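Hi there,

I am passing a structure on to you today. Please open it and keep it on screen while you read my notes.

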Amino acid sequence: MWVLSVNSLSKNFGGIKAIRNINVNIEKGNIIGLIGPNGAGKTTFFNLLTGIYSPTSGEITYNLDSKIRTKDLKPHKIVHYGIARTFQNIRLFKDMTVLDNILIGFHNRFKYGIGSAFLRLPSYYKAEANAYENALELLEKFNLLDKKDELAKNLPYGDQRKLEIARALAAKPKLLLLDEPAAGMNPIETKELRELINWIREAFDLTIILIEHDMSLVMNICDEVLVFDYGNLVAQGTPEEIQNDERVIKAYLGEEVEEC
Amino acid sequence: MMNKVNKKILLGVILFAFYILVQVLINTGIIDSYYELNLVIIGINIILAVSLNLITGFTGQFSLGHAAFMSMGAYTSAILTAKFNQPFILALLLSGVVASVAGILIGIPTLRLKGDYLAIATLGFGEIVRVIAINTDYIGGAIGFNDIPRYTNWTWIFASVLVTILLIKRFLNSYHGRACIAIREDEIAAESMGVNTTYYKVLAFAIGAFFAGTAGSLYANYFYFIKPDSFGFMKSIDILVIVVFGGIGSILGSVIGAISLSIISLFLQGIPELRMVIYSVILFVIMVYRHKGILGKREFKIFKSRKKNRKKVEFNVGAISK
């Protein structure tokens with residue numbers, strides 16, 4: 001079953017064709033790697049998927065709880081549809097506590113109104129208590145429980161990455177978009193991240209698309225790899241196929257393969 | 001749990017005792033009308049600063065039009081009490097509502113702007129309100145609005161300040177408030193977590209404007225007389241100074257800022273030639289040595305520990321209800 005279908009998607013910024021005529025289907029439960037040189041259009045692709053940009057032409061269709069089409073995509077609505085993302089340059093709420101960061105992740109699950117907040121009606125206490133409990137549970141799974149009252153900006157780099165992923169998961173997504181989760185991590189941290197992502201897929205029953213430059217990570221955990229170059233999708237296949245693909249080697253992996 | 005209840009009761013008793021004490025001192029004449037006037041000004045400034053802090057400090061929207069909301073509240077209240085003889089409580093609430101509606105109407109187009117651009121737009125809004133007031137003969141025009149009945153007293157001020165702080169604190173401790181703070185921290189990330197940023201910016205604007213409107217109402221019904229120039233650009237700046245001085249993003253900071261700045265300018269009234277100079281120097285020194293304001297983002301311990309305790313209780317409540 002597919003969760004995401006992209007049909008002849010293009011995005012131009014003035015004369016620059018950032019994304020050119022991309023067609024791709026994403027199957028449920030897979031981990032998809034998105035690779036390509038800098039400026040290939042990977043993050044633009046994410047921004048199109050999450051409604052931050054609207055496409056110049058083409059269609060994006062999600063098959064989650066309901067069918068979502070391009071025109072329904074608004075940045076603040078994607079979480080509601082079951083899509084959550086992280087950012088290339090970590091975007092935590094730096095002056096909020098770790099716990100409050102997670103609670104923002106629950107935002108779309110709260111229902112009580114402003115009057116209820118002003119008057120502290122039972123619905124307020126019930127919803128807040130519930131969210132608090134769920135947030136602690138989530139933090140425990142990510143080994144961040146003892147840091148719940150610290151400000152997000154005071155966490156070490158690896159924990160900030162983890163917190164951002166935890167915040168995205170708080171929204172209970174069906175599709176998780178990770179933009180360079182291993183950026184700035186050392187090999188040990190990358191290995192931990194690999195285990196974390198694998199565990200997330202199992203534990204949360206998710207489809208994951210991740211942009212990554214770290215080939216050891218991509219080749220080890222991805223079921224399928226998409227290769228972008230100059231806004232084109234130049235190759236698509238299993239990690240083994242990608243590693244042996246002429247066009248990919250030419251566009252991107254050339255040196256790495258020679259080293260092997 | 002006893003601890004939390006005790007602390008709440010203790011705080012309530014202290015506040016009530018403070019209220020009674022001041023009321024008795026006013027009745028016996030120890031606090032004369034001059035000091036009472038200053039108490040009223042401090043109270044109004046607290047309401048203005050706390051409500052602006054919601055917009056600027058917590059939601060991160062830099063507004064220079066806060067005095068305009070106050071002005072709308074003041075004129076609404078003046079018209080209702082002086083021309084239509086309505087009860088003060090109605091005038092007070094409607095002042096807030098009128099300012100709030102204005103906040104929504106001005107917020108929807110301008111809150112798309114960020115930082116400096118928003119500041120200029122709200123500044124323009126403030127000037128529009130002032131110029132309209134000057135050119136409307138019904139409300140006295142440039143001469144001002146006279147013969148407004150005096151209803152505001154220590155009880156009204158105390159209750160209004162308390163309600164303002166309580167409601168804004170409760171708002172901030174809800175998911176709505178967290179969404180506002182998230183917008184200040186990172187708008188794009190907030191949006192990607194499902195926060196409708198336009199909605200929450202306008203909401204913060206509307207709530208802030210509501211309380212500014214009530215502050216205007218309290219002002220109009222204390223001083224008998226209002227004129228458009230009392231609510232100009234400089235008044236907005238004065239409120240902003242209190243917020244920045246006390247600490248952007250701290251309710252208690254705004255309270256302390258309003259009280260201390262009022263007291264400072266009170267003492268400086270003895271030396272009118274140097275008043276503004278010394279006032280400016282004090283601001284300058286505070287900003288150089290404590291650029292996050294007196295309190296920064298901190299709240300007092302009593303608020304903090306209460307918050308933690310409350311969360312524990314909520315946790316239990318949730319467990320039982322399951």
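Predicted model: local features only at pLDDT ≥ 70, side-chain atom pairs only at ≥ 80, totals over all residues.

Residues are numbered from 1 along each chain as its sequence is written, while chains are lettered from A and ligands numbered from 1 in the order in which they are written.

Let's take chain B. Its secondary structure consists of 13 helices and zero strands; helices (H or I, at least four residues) and strands (E, at least two) are DSSP runs, numbered from the N terminus. The C-alpha trace spans about 60 × 50 × 45 Å along the principal axes of chain B. Of the 322 residues in chain B, 44% are buried. Here, buried means that 20 or more other C-beta atoms lie within 10 Å of a residue's own, exposed means 12 or fewer, and partly exposed is in between, with C-beta atoms placed from the backbone.

B:Asp147 is not a glycine, yet its phi is positive, at about 55 degrees. It counts as exposed, with 10 C-beta neighbours inside 10 Å.

Now for chain A. A:Asn143 sits in the loop between α5 (122–141) and α6 (157–170) of chain A. A:Asn143 has a positive phi of about 60 degrees, although it is not a glycine, and is exposed, with 12 other C-beta atoms within 10 Å.

Happy exploring!
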